[in-house]
Amino acid sequence: MNNNTTDGDEPLVDPRATLALLEGQQREVLNAQQAPVIWMYFIWGITWFVGFLALWSGDVDGNPWFTIPGYVATPVFIVMLVASIVASAVLGIRINRGVRGASVFSGAVYGLSWTACGTAFAVLGTGLISQGLSPELANLYFPAAYALMCGTIYLGGAALWRDVSQLVLGLVLLAVGAASSFAGSPGNDLVLALGVGGAFLIAAGTLAVRRRQGR
Amino acid sequence: MTMDELDPVIHASARLKITATLATLPVGDQIAFPRLQELLGMTAGNLSTHLRKLEDAGYVDVVKSHQGRTPATYLALSRSGRRAFEDYLEALRALLGESA
C-alpha cells in the first residue's frame with residue numbers, strides 16, 4: 001500500500017471497493033444533474049395531464065361525466081402552464097450550475113430553442129387566425145404545435161446529450177401531437193392529456209426508479 | 001500489477017472522488033470550486049489540500065477569475081490528468097480481471 005492515506009483518507013486496499021467508490025461518486029454526480037430533469041418531466045406531466053383534462057372537461061362536447069365551467073378550466077390551464085414555464089426556467093438553470101466552458105453554448109442554444117420555437121409557433125397560430133382559421137381548428141393547432149415543438153426539441157436534446165429518455169419522449173410526443181388532430185376538438189384535449197401527460201409522467205417515474213436503483 | 005502500483009496521486013479516496021467527479025465533465029468544461037465542493041460533500045479546506053496535490057502533479061488545471069468583484073476558482077482535469085484517470089481506471093479493472 002502506498003503511503004497516501006496520511007491525510008485522513010480512508011485506505012484503499014480492495015480493488016473492488018475502490019472501483020465501487022469511483023463509480024458511486026460518478027453516479028452521484030450524474031444523479032445530481034438528473035434530479036432537476038425528473039422534476040421537469042413530472043411538472044410538465046401534471047400540467048399536460050390535468051391542464052388538458054380541465055380543458056376537455058370545460059367543453060360541453062368533452063367530458064361525458066362532468067363539465068367544468070369554462071371560466072374555471074381555461075384559467076386552471078393557463079396558471080399551470082405559466083407555473084411550469086417558470087419552474088422549467090429555474091430548474092434548467094440548476095442543471096449545469098457552476099459549470100462553464102464548451103458545453104455551456106450547447107445548453108444555452110438548447111434553452112433558447114424553447115423560447116424561440118414557442119414564440120414562432122404562437123406567431124404562426126396568430127397569423128393563421130388572422131387569415132380566418134376557425135376557433136375549432138385553432139384549438140387543434142395550438143396544443144398539437146406545442147406537442148410537436150416539445151417532441152422536436154427533445155430529439156435535439158437526445159442528440160446533444162446522448163439521452164435515451166429524451167429520444168423516447170420526443171418520438172412519443174411527435175406521434176401523439178400529430179395524431180391528436182384526428183380526434184377533433186375537444187377530443188384532442190383528451191388525447192394530449194393522456195398521451196403527452198402520460199408520457200411525461202412515465203418518463204419521470206422511470207428515471208426516478210432507475211435513479212433509486214442506482215442505474 | 002498490484003494495488004501498490006496504482007498511481008499514488010489518484011489512489012487516495014478523496015482524490016479518487018475528486019478526479020472521478022472532474023472526469024464526468026466534458027472536455028473543455030470547468031467547474032466552480034463551490035459546486036465541486038457540493039458534489040463531493042467535502043470541507044473547503046480538505047478539498048483545497050487535495051486539489052493542490054492534484055495541481056502539483058499536473059492533473060488539475062486551476063483557473064482563477066472574477067465574477068464581478070468576487071473571485072472565482074474554476075477547475076478541470078488537465079489532459080494528462082484525464083489520461084492518468086483513464087489509466088488508473090484501466091489498471092483497476094485489470095486488477096479485477098475485467099477488460100477495459
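Author: Let's say two residues are in contact if their C-beta atoms, placed from the backbone, lie within 7 Å. Taking the contacts in chain B between residues at least 6 apart in sequence, 58% join residues at least 24 apart. Bear in mind that this is a predicted model, where local features need pLDDT of at least 70, side-chain atom pairs count only at pLDDT 80 or more, and totals for chains, interfaces and linings use all residues. Residues are numbered from 1 along each chain as its sequence is written, while chains are lettered from A and ligands numbered from 1 in the order in which they are written.

Helices (H or I, at least four residues) and strands (E, at least two) are DSSP runs, numbered from the N terminus. On that basis chain B has four helices and three strands, in the pattern α-β-α-α-β-β-α.

Now the sheet. Strands count as paired if DSSP finds at least two bridges between them. The sheet is open, with four strands in the order S1(A)-S1(B)-S3(B)-S2(B) and antiparallel pairing. Its edges are S1 (99-101) of chain A and S2 (60-67) of chain B, each pairing on one side only. Inside it, two bridges tie S1 (residues 29-32) of chain B to S3 (residues 70-77) of chain B; Ala32(B), for instance, has Tyr74(B) as its bridge partner.

As for packing, H1(B) sits on the sheet, touching S2 and S3 of chain B, and its direction makes about 90 degrees with that of S3(B). Axes here are lines fitted to C-alpha atoms, for helices over the stretch in contact, with angles from 0 to 180 degrees between N-to-C directions.
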